[in-house]
Amino acid sequence: MKMGFAETDITPQTPVALIGFNRTDNMSRGILDCLTAQVSVWENNGTCCLVTIDNIGFNKKDADLLRDMIGTITGTSREKVMLSFSHTHAAVNVDVEREYYDMLCQKIGRAAEKALASMKEVSVGWDNAEADIGNNRRESSDKIDRRVGILKVCSGNKDDLELIILRLTAHCNVLKRDNHLISADYFGAVRKAFAEKYHCPIMVIQGSAGNIA
């Protein structure tokens, strides 16, 4: 198969409304670390895309508009474009900040173009590790999905790492309601640590459902 990858900085440069906590004042007061969007394009008897975005999530209409745009750029359908949100509680409320949403879509569109232009033959392997990073906050259950899914993408000759995709099960809410700084939360720290260790881009997708903190 073939794969292309690109990423872009989506950090707002002015104060914006945050989302994730029921507060009287949700305006940001600075930047703790940058927000990132990443695009990987895959070709194997058709084209599909995986897009990761440092945001709590979009409504269906906004998500579908972005998926349609990426599909047009990469020559595929909306159904083959997957958006995965980090679910950080320290990112922008796109329902309020519409100029930011437009800017984000433009940047992700350009990243999709770059990813498509960088397509190369790759070899792919998959496995699971285990990690105790999640905490079930329900009183009725203590079940935790401890699996860390790992997709390793190498060059066609398997000599060079091209990309690692990690599936982690815990919401990005390490930062609590007293935080007003823009941040990718622990997803950003994971990407940085693994990129420094393995010298390749790191995509992290959110495997958490329910009340896993």
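The structure is a predicted model, in which local features need pLDDT of at least 70, side-chain atom pairs count only at pLDDT 80 or more, and totals for chains, interfaces and linings use all residues. Residues are numbered from 1 along each chain as its sequence is written, and side-chain values use heavy atoms, with hydrogens and water left out.

**Helix α2**

- Helix α2 covers residues 98–117; helices here are DSSP runs of H or I with at least four residues, strands are E runs of at least two, and both are numbered from the N terminus.
- Its 20 residues should span 28 Å at 1.5 Å a residue, and the end C-alpha atoms lie 29 Å apart, which agrees; the expected span is 1.5 Å times one less than the number of residues.
- Buried residues of α2 include Tyr-100, Tyr-101, Leu-104, Cys-105 and Ile-108, where buried means under 20% relative accessible area (1.4 Å probe, protein chains only).
- The buried residues of α2 pack against β1 (2–9), β3 (36–43), β4 (47–53), α1 (60–74) and β6 (91–92).

**His-89**

- You will find His-89 in the loop between β5 (81–85) and β6.
- His-89 counts as buried because its relative accessibility is 14%.
- A polar atom of the His-89 side chain lies 3.1 Å from the backbone oxygen of Gly-20.
- Leaving aside neighbours within four places in sequence, His-89 is in contact (heavy atoms within 4.5 Å) with Ile-19, Gly-20, Phe-21, Ile-56, Cys-172 and Asn-173.

**His-171**

- His-171 sits in the loop between β9 (161–168) and α3 (185–198), and counts as buried at 12% relative accessibility.
- Its side chain makes a polar contact with the side chain of Ser-208 at 3.4 Å; such a contact is a pair of N or O atoms within 3.5 Å, and within protein one must be able to donate a hydrogen and the other to accept it, while residues adjacent in sequence count only if both atoms are side-chain atoms.
- The side chain of His-171 also reaches the backbone oxygen of Ile-212 at 2.7 Å.
- Not counting residues up to four places away in sequence, the residues that His-171 touches include His-87, Tyr-186, Gln-206 and Ala-213.

**Cavity**

- The largest cavity holds about 40 Å³ of space; a cavity is a set of points on a 1 Å grid over the protein atoms alone where a 1.4 Å probe fits but cannot get out, and lining residues have an atom within 4 Å of a point.
- Among the residues lining the largest cavity are Ile-133, Asp-145, Arg-146, Arg-147 and Leu-168.

Terms used:
On a 1 Å grid over the protein atoms alone, a cavity is a set of points where a 1.4 Å probe fits but cannot get out, and a pocket is an open set with protein on both sides within 12 Å along at least five of seven lines; lining residues have an atom within 4 Å of a point. Grid points are joined across faces, edges and corners, and a volume is the space filled by probe spheres set on the points. Buried means under 20% relative accessible area, exposed over 50%, partly exposed in between (1.4 Å probe, protein chains only).
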